[in-house]
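Hi everyone, thanks for coming.

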Amino acid sequence: MTFREGPVTIVRREDYAPPPFWIDTVDLVFDLDPAKTRVLNRMRLRRNPDVAPQALRLDGEDLNLARVLVNGAGTSFRMDGQTLVLENLPEGNDPFELEIFTTCAPEKNTQLMGLYVSQGTFFTQCEAEGFRRITYFLDRPDVMASYTVTLRADKRQYPVLLSNGNLVESGDLEGPGNEGRHYAKWVDPHRKPCYLFALVAGNLVAREQRVVSRSGREHLLQVYVRQGDLGKTEHALSSLVKSVIWDEARFGLSLDLDRFMIVATSDFNMGAMENKGLNIFNTKYVLASQATATDTDYANIESVVGHEYFHNWTGNRITCRDWFQLSLKEGLTVFRDQEFSMDLCTTPSARAVKRIEDVRVLRTAQFPEDAGPMAHPVRPDSYVEINNFYTVTVYEKGAEVVRMMQTLVGREGFRRGMDLYFQRHDGQAVTCDDFAQAIADANPDSELARQLPVFKRWYSQAGTPRVQARGEFDAAAHTYTLTLTQSCPPTPGQADKQPFLIPVAVGLLDAHGRDLPLQLQDAAALTHGNTLVLSQASQQFVFTGIDAEPVPSLLRGFSAPVVLAMDLSDAQLLHLLAHDSDPFNRWEAGQRLALRRALAAIQADGAPATEPLDAGFIEGMRAVLRHPTLDAAFKELALTLPAESYIAEQLDVVDPQRVHTVREAMRRQLALALHADWVWAYEEHHDNGAAGPGALSAGRRALTGMALTMLCLAARETNEPIWPGRTYQRFKDAGNMTDRFNALSALVSSGQPLAAQALERFHAMFKDEALVLDKWFALQAGAPDRGGDILPRVRQLLTHPDFHLRNPNRARSVLFSYCSANPGAFHRPDAAGYVFWSEKVVEIDAFNPQVAARLARALDRWKKLAEPYRSAAREAIARVAAKSDLSNDVHEVVTRALAD
Ligand code: PHE
Ligand code: ZN
């Protein structure tokens, strides 16, 4: 494992320099053995004529070097730390052969980067800088080579041998020492950066399907899993087929390979990886059956399968010049997977639900990141450890930046821009600037093209902009003047910000809730009929022909990743909640009303109110719940109160216990006040037969689950046994995991005595289903705290025979659910949560720095905390930071957290 030796190195974007050598071809031969794998790497290199002649410095990590040959002969070399330096290479620009022989120990690889073993199967993970743990190389994405890979291994233990591209040869090995061994040779027809290299070797089985693309080309699609899991691969494979079809239809992008494989592993640091033609997935995003996976799992599988497949063009065919450009592929590919999921929706309402869910992630995770010590631009300027920059900012905010481009140039214009992007850059390693330029150049008359330098500040400036809106109705002039003012708080290293280009989609509602026709005094200032483009610190927009004061609906569809502030009255928000034709803003109105009540109760003096909600709000919520035409999925979202973490972000000083108490009081009040309505909702939606996969029936299940939670919460208050009993019954009888888990969760989250029994039964039912056990652990670690009962429960869970700290999914199921997703339980006045956190960060860092560094971020927002939390949190972070042998990963996170 590599740990810091001396001071850390900061990598800066402005220091980018092209590589002094190119690697044209790579021929790799692996002799796979868990204890000692031998890697023969034969490369063809040449000097980059554009760079001054210099030594070749090859990256390496935890490798044992046995031999180095240049053009077949021995050569002098030296080590600079872990870097292999070759100073006496042939002069001139002719290609030469470099042969490097190394060994590594996959079974000892606990950080799951490079070549590792999971349940007896070999896997690789090379993004971002894992390839250097396999062989010495120029481990940077702008070095693209053609790969030939030969895998040699014991045939009985590793019958399946996979790598990128096409299988060109396979068979038994001959000669002494090769008894029972076989080989497979793969050739990837496309050049690629080494982070997209992959191999898999093990005893796996595949579900497969042939598809014919538009061009008439036939492709073999395969999903590889362990023997017993084949029955859970149907959904992943059909998601893959849909992805292939969608990318052809929407972007004209066809599969460029004869064979496209997905392989699942239960030991994976992230969600999945887009290796060329050989995607490797966390089992969580592959395996699903009605009995074991929830509707959310099904939806996630669809979008992650899509995401990795879409990378084949956005990421693989066109890749990143350097890791600062990560959002070039990630922001764009998240945007594409979001659009994919939306396009698969069959109703406008289902599309809106998907949009609301995406925005919720952005606001609950990315906004806090953008306001905390790890804040960074979508295209960062520097990093210590690149693994720390696979963030919601690069991914989700990056996707919003791409979405704004589409909003500014329109859907067709965006397609033209994508076409131009591929025309210009196919096969290249490029930058975020190149992407924005292509979209703008394809749409010369757009606001994007006119103000491209202003727009690109989204890539260079961190922080969430704040837009203050003020509306003024002039009855005599029949005008409504909207004044929009923007600002952006300072972030680390960026004290002052320049104005952003912010598309603000708008509507004006009349007294009946209908949209007024929009007419601007300056007609040109309205893009696509409903979008204002704010690009200065403050601008005024005058709507004409307005006869009565309208209710403004701003930032429709969440048209920009900003905080919108506007002093709307309760009456105006209730009007939007009841009528807005934009479903996003309809939901948003409810959230604003709820947030307003939460903040009032939190900020009031004295003990927090036990009934923070008023009749107006409750009636508004009742109307949504009982609405005759809104669909169930939307209702469930609208009736869900803003998360504790989102509420906390709105406060300058946060008392997490008070936030928790107030939100719980609001939930209880909604449970009691709407009791008859929850009963109605349950009766109306619970019986929808088998779990049809569609969004409509999923929505009904979601609302049913919410109703049960509310009814169990109410029962707890009134000591009523009927609903908990029914919930337990439903838990037992459920025909699918969504209903079963929702019922279980209703019992657990309402603190019902029956929860213990249900949990025990659930564990017994699913003791052999790893992904279901993850849910079982997560549910308990994430349950609402009652008198400090969760931490002892968490400590106990860690001693459970099924708990394995080294398996990332299992570790996350307990530790992240507690430290990152359960603020009311984690922030304890006795600081025990923080002590626990620091122990675990240090413990995990010793074997898997990436997972440790993510856990380390649970205390990012410590500076906002009230005392005694604040001091206790700082102490815990300082304790971690003081350890001498921290990884770069954790070191960067905790030192940034402690910085002023
Ligand atoms: N590139 C992967 C994705 O977004 C994520 C990933 C990063 C996976 C680093 C593993 C390691 O699709
Ligand atoms: Zn990705």
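Let's begin at alanine 831, which sits in the loop between helix H24 (823-826) and helix H25 (832-845). Its phi is near 65°, a positive value in a residue other than glycine. Is alanine 831 buried or exposed? Buried: its relative accessible area is 16%, and the cut-off for buried is under 20%. Keep in mind, by the way, that what you're looking at is a predicted model.

Phenylalanine 558 also has a positive phi, near 55°, and again we're talking about a residue other than glycine. You'll find phenylalanine 558 in the loop between strand S32 (551-554) and strand S33 (563-566). With 2% relative accessibility, phenylalanine 558 counts as buried.

While we're on the backbone, let's look at cis peptide bonds. One of them joins glutamate 867 and proline 868, with omega about 5°. Proline 868 belongs to the loop between helix H26 (849-856) and helix H27 (869-881). Another cis bond runs from glutamate 127 to alanine 128, where omega is near -5°. Alanine 128 is in the loop between strand S11 (121-125) and strand S12 (144-154).

Which residues come nearest to ligand 1? There are 13 residues around it, and the nearest are Glu127, Glu274, Glu308, Glu330 and Tyr395. By type, that shell splits into five nonpolar, three polar and five charged residues.

Now some distances. Glutamate 308 has a polar side-chain atom 2.8 Å from an oxygen atom of ligand 1. For glutamate 330, a side-chain N or O atom is 3.0 Å from a ligand 1 oxygen, and for histidine 311 the corresponding distance is 3.5 Å. How much of ligand 1 does the protein bury? On its own the ligand exposes 330 Å², and 96% of that is buried by the protein. Strand S21 (272-273), helix H2 (295-310) and helix H3 (326-343) are the elements that give two or more residues to the shell.

Histidine 311 and glutamate 330 come up again at the zinc ion, which is ligand 2. What are the protein donors there? They're His307 (NE2), His311 (NE2) and Glu330 (OE), at 1.9 to 2.1 Å from the zinc. If you want to spot the donors in the sequence, look for the spacing H-x3-H-x18-E. Histidine 311 is in the loop between H2 and strand S23 (319-320), while glutamate 330 is in helix H3, so this pair ties together parts that are 19 residues apart in sequence. Histidine 311 is buried, at 0% relative accessible area, and glutamate 330 counts as buried too, at 1%.

Next stop, aspartate 247, in helix H1 (residues 234-251). Aspartate 247 is buried, with a relative accessible area of 0%. Leaving out residues up to four places away in sequence, its contacts are Gly252, Leu253, Tyr309, Phe310, Trp313 and Arg336.

Last one: glutamate 649, in helix H14 (residues 644-649). Its side chain makes a polar contact of 2.9 Å with the side chain of arginine 861. Beyond four places in sequence, glutamate 649 touches Pro368, Ala371, Arg861 and Lys864. At 18% relative accessibility, glutamate 649 counts as buried.

Conventions: Residues are numbered from 1 along each chain as its sequence is written. Chains are lettered from A and ligands numbered from 1 in the order in which they are written. This is a predicted model: local features need pLDDT of at least 70, side-chain atom pairs count only at pLDDT 80 or more; totals for chains, interfaces and linings use all residues. Side-chain values use heavy atoms; hydrogens and water are left out. A residue is near a molecule or strand if one of its heavy atoms lies within 4 Å of it. A polar contact is a pair of N or O atoms within 3.5 Å; within protein, one must be able to donate a hydrogen and the other to accept it, and residues adjacent in sequence count only if both atoms are side-chain atoms. Accessible areas come from the Shrake-Rupley method with a 1.4 Å probe; for residues, only the protein chains shown count as cover. Helices (H or I, at least four residues) and strands (E, at least two) are DSSP runs, numbered from the N terminus. Ala, Val, Leu, Ile, Met, Phe, Trp, Tyr, Cys and Pro count as nonpolar, Asp, Glu, Lys and Arg as charged, and the others, Gly among them, as polar. Buried means under 20% relative accessible area, exposed over 50%, partly exposed in between (1.4 Å probe, protein chains only). Contact means heavy atoms within 4.5 Å. Donors are N, O and S atoms within 2.8 Å of the metal (3.2 Å for Na, K and Ca); water is not among the atoms, so sites may look incomplete.
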